[in-house]
Amino acid sequence: MPHSKISGKAYHDLSKHSYLSVQINPNYVDAATQPTSFKVYPRFYRRLQLNRNNPIHDFLWLTSAITLEKIYKDSPYKLRVNPSAGALYPTEVYVQIRGVEGIIDGIYHIEVENNCLTLIYELIDDGLENYVIPNKRINGFIFLVSCVYHRSSWKYQDRSFRYCLLDSGHHLGAIAASAYLHEKNIQLILDFDKLNLNADLGFENKEFITSCVISGEVQEKPVRRLRLPIPFVCGTDYFQVNQFVEDAYQATSLQPSHQQNLANPQFNFDRKRFFENVWNRRSIRRFHKHSISQEVYWLILQAVQQPIPSENFEEIEIYSVVHHVEGISPGLYKNTHLIKAGNFREKTGYLCINQAIARDCAVTLFFVSDYLSYQTAMQLAGFIGQRVYLFSNYWGIDCSGIGAFYDDEAQEFLGTNKDLLYVMAIGK
């Protein structure tokens, strides 16, 4: 059967974990062979150094910034505003800028490691609008999130396709956080001509576009396709093909999402405190089985469920396994409805492949969906996950995302036949 006819659910099923699969393939890797995690264009490309005293530069910088450098097992790690499975950071961000004073109209790569914009294409009467929002013209910004998938598949093999999409969703959340701090409206676009855009960007299947964010003035004016090919630059120092990932991307790029009316979230965070929260966000590696307050728990859940600014949509349902929230009985909940009471610490730890963080946290959150578009569902799960991180941290609660779990056993525990996309642990 041609891969374009295979559903996203089929690819999801093919990458499931089970107790047996994890025992048979524990997935050891040689850390010395890890591919590079920063894409850098050749030195002769024009660059614009980002100056944080310039509000536009600061907006762009905060979408992808390095926030901490540390040494782990004798290797340097540069952590960023967006979390990533295994700190492998497969995502890259490109931004088309049009009609912004002091910046040449063009498509830029955000060069994270060197804190600059690299001009990879200069616009005339063409642009990204033709692919993502036909017959419109955006004066402002069009962000593209892409994945250099080998950075993830090097370690996670076929399941890396899930992580690439979740990481893309987290990066969308980082863009949304920067937009909020800089008082800019955004719209996420998840259904668009990804395959032709990949071809015109020259990505050669080694990198693929997952999603788009627009921010700016929308004009009723058609823009033509990119008039010139863009030279390809590989985002890793070496590359190995994973045919499963490439086939899964091709097939799921053709699946349209459910649609909804565009609605913007209404947040009222203290911006200075929220910036500090964005800057200091970390994935916790250990919880201490401390309780959290019921008030803070409800604040987090209510904020997480604010509208997502996109017409392309898949419903993400959240099941909560409450372990230790003051005033709430331990058990499995869907929203505020108790499904079954009990202490499920050991069970959730086991389901998340015996990870202590799923056992020792205050609440374990399970994201499920019955979707049309697999790419949209997984990215929205990551986007909501970024909200869980930021809103938890804002109210003093630690957080960690979990992408590895025994899929079928977790579904059975939750009592759902919907696909399990992501797990998150919050607590102290």
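**Aromatic pairs, nonpolar cores and local geometry**

In the predicted model, the aromatic pairs number 32, where rings of Phe, Tyr and Trp (its six-membered ring) pair if their centres lie within 6.5 Å, with planes under 30 degrees apart counted as stacked, over 60 as edge-to-face and the rest as tilted. The pair of Y94 and F203 is tilted, because the ring centres are 5.8 Å apart and the planes stand at 40°. This pair joins distant parts of the chain, with Y94 in strand β4 (residues 91–98) and F203 in the loop between α7 (194–200) and β9 (208–219), 109 residues apart. Helices (H or I, at least four residues) and strands (E, at least two) are DSSP runs, numbered from the N terminus. Y94 and F203 are both buried, where buried denotes under 20% relative accessible area, exposed over 50% and partly exposed in between (1.4 Å probe, protein chains only).

The model is predicted, so that local features need pLDDT of at least 70 and side-chain atom pairs count only at pLDDT 80 or more, whereas totals for chains, interfaces and linings use all residues. Residues are numbered from 1 along each chain as its sequence is written, and side-chain values use heavy atoms, with hydrogens and water left out.

A cluster linked by ring pairs consists of Y149, F161, F208, F239, Y249, Y371 and Y374. Of these residues, Y374 lies in helix α13 (residues 374–394) and counts as buried because its relative accessibility is 1%. Beyond its neighbours within four places in sequence, Y374 is in contact (heavy atoms within 4.5 Å) with G8, H12, F161, R162, L165, T252 and Q255. The C-alpha atoms of Y374 and A10 are separated by 10.0 Å, although the two residues are 364 residues apart along the chain.

The charged end of K184 sits over the ring of F59, at 5.5 Å from its centre. K194 lies over the face of F192, with a distance of 5.5 Å from the ring centre.

Helix α6 (residues 160–181) comprises 22 residues and reaches 31 Å from its first C-alpha to its last, close to the expected 32 Å, the expected span being 1.5 Å times one less than the number of residues. The helix is mostly covered, with 22 of its 22 residues buried. Just after α6, E183 adopts a positive phi of about 55°. Q157 has a positive phi of about 55° although it is not a glycine, and counts as partly exposed because its relative accessibility is 34%. E204, also not a glycine, has a positive phi of about 55°. This residue is located in the loop between α7 and β9 and is exposed, with a relative accessible area of 51%.

The largest nonpolar core contains 120 residues, of which F274 and F367 touch the most other members; such a core is a set of buried Ala, Val, Leu, Ile, Met, Phe, Trp, Tyr and Cys residues joined through side-chain atoms within 4.5 Å. Helix α6 supplies the largest share of this core, 13 residues. Apart from this core lies another of 20 residues, among them F287, F344, C352 and C361. With neighbours within four places in sequence left aside, the contacts of F367 include I316, I318, A381, I384, V388, L420, L421, Y422 and M424; E317, G385 and D419 are also among them.

S310 lies in the loop between α10 (294–304) and β11 (312–313) and is buried, with a relative accessible area of 0%. Residues up to four places away in sequence not counted, S310 touches L188, L190, Q260, N261 and L262.

A search of the whole structure returned 0 disulfides, a disulfide being a pair of cysteine sulfur atoms within 2.5 Å. The cysteine sulfur closest to that of C147 is in C164, at 4.2 Å, which is too far for a bond. For C212, the closest cysteine sulfur is that of C147, at 15 Å, again too far for a bond. C147 counts as buried because its relative accessibility is 0%, and C212 is likewise buried at 0% relative accessibility.

How values were computed: Lys NZ or Arg CZ within 6 Å of the ring centre and 35° of its normal.
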